[in-house]
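Let us take a walk through this structure together.

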There are 2 protein chains.
Amino acid sequence: MKKGVSDAVIRRLPRYYRYLDELHNKGVVRISSNTLGSRLGITASQFRQDLSCFGEFGQQGYGYNVSELRREIGSILGVDHDHEIIIVGVGNLGRALMQNFHFDDAGFSLGAAFDISPELVGTTVAGVPILDMAELERYVRINNPDVAVLTVPQSVAQSTADRLIGLGVRGFWNFTNMELTSEVEDVRFEDVHFADSLLTLSYRITKRG
Amino acid sequence: MKKGVSDAVIRRLPRYYRYLDELHNKGVVRISSNTLGSRLGITASQFRQDLSCFGEFGQQGYGYNVSELRREIGSILGVDHDHEIIIVGVGNLGRALMQNFHFDDAGFSLGAAFDISPELVGTTVAGVPILDMAELERYVRINNPDVAVLTVPQSVAQSTADRLIGLGVRGFWNFTNMELTSEVEDVRFEDVHFADSLLTLSYRITKRG
């Protein structure tokens, strides 16, 4: 694999994966890059160029085998790595993710959630136990989660991240709407900025002139 | 304004806006495109090129006035249009948005939320009333919301969208993780795909080779 694949390419891969997964579930066996591109609103050459960052796929003139390409893009994304994930903060958003989000489809096992509320600790949501924040150290040392979902209040967002980084967690799915930072080199923050998405919609519906 | 600004440019604008807003709140008065670019992880020329889709900004050699540029990008995004928005479906995610999301920062007024649950109807969350779905027609005809947040179950996602489109709603902030469609020309769906974001993180933390 080439080093330094651009951020833009990496951000497009999940959409390709999602679309191929959909085709696969519909029983589609083969698809051309032209058809793929037009469904995804990009050119066939863009699609081929993005894939070329990761190797050779498909066969000239024959299109792609949907199931194979889905598996290969999934593998590039690490879907086959069975990453461990925990949720820190079981407010409405944490609970919504526990109840509705299919972590397993993205290759993640949700092992536990953490909160400080005595009413929540000891209960389960969708089969996942909610543990006391005081148990975080012990749990992380034993289970080594790859990623923590941060759904804590902003006031404790950075300190919670720091605590987890100190325990060896390197991936953060950040829903706090705060920019978090770390001096530790291999820490990755993936921020979910709801506002960016709503502003994009705002642009599209705004009547001008 | 040029027609046909690319999707990629439009998707970058909210980040520029968010960053300028942050600088503005910190009291920063002026910034060069070099500094802006390096903070945002893009080149200065990319930044200037993106802006050039919408007109002339800044003054050669003097950088940008932060407050002005923030206002201008906000205006491009429609933040100054005071769009009306409603939430349809007050499950955990709908409730999380009502409690934590700053609709007003994005230029939206959240007028009401709708649900079918008798326990929820008639209550308020963060000062916003939850109305019965049966009142949707009446409410929409009177208040003409520009956007509906869809936080309903997947089984009713398309039918709820169709019902709202029939009432004249044209913008949808879609959290259902389903691709929704409409034959009506000016309908815009903005999908929030949590999975795409987690898969991007998965790519970044996956150890290879």
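This is a predicted model: local features need pLDDT of at least 70, side-chain atom pairs count only at pLDDT 80 or more; totals for chains, interfaces and linings use all residues.

Ring pairs join F101(A), F103(A), W173(A), F175(A) and F194(A) with F101(B), F103(B), W173(B), F175(B) and F194(B). Over all chains, the count of aromatic pairs comes to 25.

Let us look at two of these pairs. F101(A) and W173(A) make a tilted pair, with 5.3 Å from centre to centre and 55° between the planes. F101(A) sits in the loop between helix 5 (92–100) and strand 4 (108–115) of chain A, while W173(A) belongs to strand 8 (residues 171–174) of chain A, so this pair ties together parts that are 72 residues apart in sequence. Both F101(A) and W173(A) are buried.

The second pair is edge-to-face, because the ring planes of F194(A) and W173(B) stand at 90°, with the centres 6.4 Å apart. Here the pair crosses between chains: F194(A) is in helix 8 of chain A, and W173(B) is in strand 8 (residues 171–174) of chain B. F194(A) has a relative accessible area of 9%, so this residue is buried. W173(B), at 0%, is buried too.

Now widen the view to the nonpolar core. In general, nonpolar side chains of soluble globular proteins tend to be buried together. In this model, the largest nonpolar core has 108 residues. Which residues have the most contacts inside it? They are F103(A), W173(A) and F194(A), along with F103(B), W173(B) and F194(B).

Next, follow helix 8, which spans residues 194–205 in chain A and holds S202(A). Is S202(A) buried or exposed? With a relative accessibility of 0%, S202(A) counts as buried. Beyond residues up to four places away in sequence, S202(A) touches L77(B), G78(B), V79(B), H83(B) and F108(B).

Turn to chain B, where S202(B) lies in helix 8 (residues 194–205). S202(B) is likewise buried, at 0% relative accessibility. With the neighbours up to four places away in sequence again left out, the contacts of S202(B) are L77(A), G78(A), V79(A), H83(A) and F108(A).

How are the two chains related? A rotation of 180°, with 0.0 Å of shift along its axis, superposes chain B on chain A with an RMSD of 0.0 Å. The two copies are therefore related as by a two-fold rotation axis. Which residue of chain B comes closest to the rotation axis? That is N92(B), whose C-alpha is at 2.5 Å. As for the interface, 100% of the interface residues of chain B are also interface residues in chain A, so the copies meet through the same surface.

Technical notes: Residues are numbered from 1 along each chain as its sequence is written. Chains are lettered from A and ligands numbered from 1 in the order in which they are written. Side-chain values use heavy atoms; hydrogens and water are left out. Copies are superposed by least squares on the C-alpha atoms of residues with pLDDT of at least 70 in both. Contact means heavy atoms within 4.5 Å. Helices (H or I, at least four residues) and strands (E, at least two) are DSSP runs, numbered from the N terminus. Buried means under 20% relative accessible area, exposed over 50%, partly exposed in between (1.4 Å probe, protein chains only). Rings of Phe, Tyr and Trp (its six-membered ring) pair if their centres lie within 6.5 Å; planes under 30 degrees apart count as stacked, over 60 as edge-to-face and the rest as tilted. A nonpolar core is a set of buried Ala, Val, Leu, Ile, Met, Phe, Trp, Tyr and Cys residues joined through side-chain atoms within 4.5 Å.
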